[in-house]
Structure formats: C-alpha cells, structure tokens
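Please open the model in a viewer and keep the sequence panel in view.

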Amino acid sequence: MSEEVKTTAAAAAPRPQRPQGDRPQGDRPQRPQGDRPQGDRPRRPQGDRPQGDRAGAGGRFQRRRKFCKFCADTTISIDHKDPDMLRSFITERYKILPSRVTGTCAKHQRFLTTAIKRARILALLAFTPLHHD
Ligand SMILES: [Zn+2]
C-alpha cells in the first residue's frame, strides 16, 4: 500500500513541464521598442573593436613598453665585475632572464650573458641558490 503511494509521489515529483510556445502574453504590458534611452551610452558596434589602439582594449592591465636598458642609458656598462647590476637580469634561481622578459636587445643580451657567466666563474655571482658562503 505504502509502496504504491511512494511511486506515485516519485512520479509526480519531476519538475513541472512548462508548455513551450503558448506563454501568456496578453496581460504583460508590451514595451514599445525604441523608447529606451540610448543617447547617453556610447554605442560600440559588435565585431568592430579598434585595432592598433591596444591601450583601450577591454580595460585590462596596461603592459609597459619594454626597452633595452643599456641602449636607453649608454652610461651603463655591462661589466662582469659588477654583480649588483647583473643581479637584476637573473632569476631567483640564478638563471639568466631571457630578453623577452627584460626587453634587452640582442646585442646587449649577448654581452650580458657573457658577463654573467664570467661573474659566475669569478664567484661574484652564484650558479645556484643552493650555494652558501
Ligand atoms: Zn641594447
């Protein structure tokens, strides 16, 4: 007896089917198209986002323009005897940072790489963070 009641309850449980296509439309006030305020909002056409103007794209963070530090300031010389300067071009694992990260140009990246390797051999820079004095 109770078994039958349970099954009928389960059968009635599924969500009520909403009739598709014959929703009541008569009692809802029809809003006429075209009377919404549109003048104050700048219209942006879809699929026509401005190319080349990367600063205004989406409001994401602005990437700073990368530049070669040594080209910008010619007074800085790449010297293997200056480990403090070289330290800004290595990672915390003492790996040499790629030029695509630092923005260093190819010529100066070449000098920088040589200088860092020389500084390592002279023990001015560590090869790995595992070294301790
Ligand atoms: Zn350069």
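The stops below begin with the whole chain and then turn to its parts.

**The whole chain**

This is a predicted model, in which local features need pLDDT of at least 70, side-chain atom pairs count only at pLDDT 80 or more, and totals for chains, interfaces and linings use all residues. Residues are numbered from 1 along each chain as its sequence is written.

Colour the chain by pLDDT, the predictor's confidence in each residue, from 0 to 100. The mean for the chain is 75, and 54% of the residues reach 70 or more. Confidence is lowest in H1, at a mean of 49, and highest in H5, at 96. Where pLDDT is low, the predicted coordinates should not be read in detail.

Now switch to a cartoon view. Helices (H or I, at least four residues) and strands (E, at least two) are taken here as DSSP runs, numbered from the N terminus. The chain has five helices and zero strands, giving the pattern α-α-α-α-α along the sequence.

Two totals complete this view. Of the 133 residues in the chain, 9% are buried; a residue is buried if 20 or more other C-beta atoms lie within 10 Å of its own, exposed if 12 or fewer, and partly exposed in between, with C-beta atoms placed from the backbone. Among contacts between residues at least 6 apart in sequence, 66% join residues at least 24 apart; two residues are in contact if their C-beta atoms, placed from the backbone, lie within 7 Å.

**Residues 7–13**

Select residues 7–13, where pLDDT stays under 50. The model has zero contacts beyond four places in sequence for these residues.

**Helix H5**

Select residues 106–121, which form helix H5. The 16 residues of H5 should span 22 Å at 1.5 Å a residue, and the 23 Å between its end C-alpha atoms agrees with this; the expected span is 1.5 Å times one less than the number of residues.

Which residues of H5 are buried? They are His108, Gln109, Leu112, Ala115, Ile116 and Ala119. Seen down the axis of H5, the buried residues fall within an arc of 125 degrees, so they line one face of the helix; the arc is that of the directions from the helix axis to the C-beta atoms. An α-helix has 3.6 residues a turn, so residues three or four places apart point the same way.

Then display helices H2 (69–72), H3 (83–86) and H4 (99–102), against which the buried residues of H5 pack.

**The nonpolar core**

Select Ile78, Leu86, Phe89, Leu112, Ala115, Ile116, Ala119 and Leu125, the eight residues of the largest nonpolar core. Such a core is a set of buried Ala, Val, Leu, Ile, Met, Phe, Trp, Tyr and Cys residues joined through C-beta atoms within 7 Å. Helix H5 supplies the largest share of this core, four residues. In soluble globular proteins, nonpolar side chains tend to be buried together.

Centre on Ile78 next. Leaving aside residues up to four places away in sequence, Ile78 touches Phe70, His108, Phe111, Leu112 and Ala115.

**The loop between H1 and H2**

Move to Phe67, in the loop between helix H1 (2–12) and H2. Phe67 is partly exposed, with 13 C-beta neighbours inside 10 Å. Beyond residues up to four places away in sequence, Phe67 touches Ala72 and Gly103. Its C-alpha atom is 7.8 Å from that of Cys105, 38 residues away in sequence.

**The loop between H3 and H4**

Select Tyr94, which lies in the loop between H3 and H4. Tyr94 has a positive phi of about 65 degrees although it is not a glycine. Most residues other than glycine have a negative phi. Tyr94 is partly exposed, with 16 other C-beta atoms within 10 Å.

Lys95 lies in this loop between H3 and H4 as well, and counts as exposed with 11 C-beta neighbours inside 10 Å.

**After H5**

Finish at Ala123, in the segment after H5. Phi of Ala123 is positive, near 65 degrees. Ala123 is exposed, with 11 other C-beta atoms within 10 Å.
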